[in-house]
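Visitor: Hi! I'd like to get to know this structure a bit. Could you walk me through it?

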Amino acid sequence: MERILKRVTDATMRGGAAMLAAVAILAVAAFDASAAQPQPWQLGMQEHVTPVGHKIDQLHDILLVIITLISLFVLALLVYVCIRFKRSNNPTPSKTTHHTWLEVAWTGIPALILVFIGLYSFPLLYFGDKAIDPDMTVKVESHQWYWNYTYPDEEITFDSYLIPDEDIKDGQTRLLDVDNRLVVPVGAKVQILVNTYDVMHSFFVPALAVQVYGTPGRINETWFQVDKPGVYYGQCNQICGIDHSRMPIVVHAMEQAEYDAWLVTAKEQFAMNPGATKVASVAD
Ligand SMILES: [Cu+2]
């Protein structure tokens, strides 16, 4: 008996150690998620780095508590009903078909729960909807199958293509890295205007808590204000044709000075319609 007990205790200890190791691996994975791309065995969301993202985290935490309580309550009811009203415990079933107050309660209480959730979710919807007093604007145009980014105030525009597998260098991520990244300064409120050149696409960057459809004939708006320098990966997440999986989004948030330096080279490299500028200067 003692030997069996010891074996069981040993097995439990081993199980516990394995569990701890698993938790440690998951914790490391969660920490790595600040690299802002999906991680193997990742649980939960990527770390958010924008005001909208932080509010989404809060809403998520509230919802997690609510759904856990509801699930436990329903489970408890089911277990109670299964035991209390099984045939041996309840040979003559009640013929009750209506119970006014019970029906008022099971309609009213869930409605109140939804109103409570709405107190958090509706303001969040409006908060993420439009940039109030943005510091800069980027027009995002989706194409089959690449992105075009335009900074109207800086008069630059450029395409952003996936780096093919054969050209991937060390430190780049296959199927996620692009030739030209969308560069923004940390702390700036960036208004994003999304439209499409052809079919529907979707501008989706999880760490920035941004997902907007590019819809033909419409300009959709969103915004973000990145609070941490880094490289944030996203993908088109509206099925848009054969190369849907080959139009990733890379947002590089850098400090203002670094961004200003980038802007200088970008203006040389990506000037909007440079011919027109030259003609204008000749006319002066
Ligand atoms: Cu697409």
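Guide: Happy to! One term before we start: two strands count as paired if DSSP finds at least two bridges between them. Also keep in mind that this is a predicted model.

Visitor: Okay, show me such a pair. Which residue stands opposite Phe-158 in β3?

Guide: That is Tyr-149. Strand β2, residues 146-151, is joined to β3 by five bridges, and the two run antiparallel.

Visitor: What holds paired strands together in general?

Guide: Strands of a sheet pair through backbone hydrogen bonds, in either a parallel or an antiparallel way.

Visitor: And what is the strand order in the open sheet that has β3 in it?

Guide: The order is β3-β2-β1-β5-β8, five strands with mixed pairing. At the edges are β3 (156-160) and β8 (220-224), each of which pairs on one side only. From one strand to the next, the twist averages 25 degrees.

Visitor: How many helices and strands does the chain have?

Guide: There are five helices and 10 strands.

Visitor: So what about the strands of the other order, the one with β10 in it?

Guide: Those form an open sheet of five strands, ordered β4-β10-β9-β6-β7, again with mixed pairing. Its edge strands are β4 and β7 (210-214), each pairing on one side only. Here the twist averages 20 degrees from one strand to the next.

Visitor: In what sense do β4 and β10 pair?

Guide: Strand β4 (residues 182-185) pairs with β10 in the parallel sense, over four bridges. Val-184 stands opposite Ala-253 there.

Visitor: And β9 with β10, parallel or antiparallel?

Guide: Antiparallel, over six bridges, with β9 covering residues 230-236. Tyr-232 has Val-251 in β10 as its bridge partner. Strand β9 also pairs with β6 (residues 201-205) in the antiparallel sense, over two bridges. In that pair, Phe-203 stands opposite Cys-236.

Visitor: Which residues have the most contacts inside the largest nonpolar core?

Guide: They are Ile-192, Leu-208, Val-210, Tyr-232 and Val-251, in a core of 34 residues. As a general point, nonpolar side chains tend to be buried together in soluble globular proteins.

Visitor: Pick one. What is Leu-208 in contact with?

Guide: Leaving aside neighbours within four places in sequence, Leu-208 is in contact with Val-49, Thr-50, Gly-53, Phe-224, Val-226, Tyr-232 and Val-251.

Visitor: Now the helices. At what angle do α2 and α3 pack?

Guide: Helix α2 (residues 51-84) and helix α3 (residues 100-129) pack at about 165 degrees, with their axes 10 Å apart. Angles over 145 degrees count as roughly antiparallel, and α2 and α3 are therefore roughly antiparallel to each other.

Visitor: Is the crossing left-handed or right-handed?

Guide: Left-handed, as α2 passes α3.

Visitor: Last one: which residues meet there?

Guide: In α2 they include Val-52, Ile-56, Leu-59 and Ile-66, and among those they meet in α3 are Ile-113, Ile-117, Leu-124 and Phe-127.

Terms used: Residues are numbered from 1 along each chain as its sequence is written. This is a predicted model: local features need pLDDT of at least 70, side-chain atom pairs count only at pLDDT 80 or more; totals for chains, interfaces and linings use all residues. Axes are lines fitted to C-alpha atoms, for helices over the stretch in contact, and angles run from 0 to 180 degrees between N-to-C directions. A nonpolar core is a set of buried Ala, Val, Leu, Ile, Met, Phe, Trp, Tyr and Cys residues joined through C-beta atoms within 7 Å. A residue is buried if 20 or more other C-beta atoms lie within 10 Å of its own, exposed if 12 or fewer, and partly exposed in between; C-beta atoms are placed from the backbone. Two residues are in contact if their C-beta atoms, placed from the backbone, lie within 7 Å. Angles under 35 degrees count as roughly parallel, over 145 as roughly antiparallel, 65 to 115 as roughly perpendicular and the rest as oblique. A crossing is left-handed if the near helix is turned anticlockwise from the far one by less than a right angle, and right-handed if clockwise.
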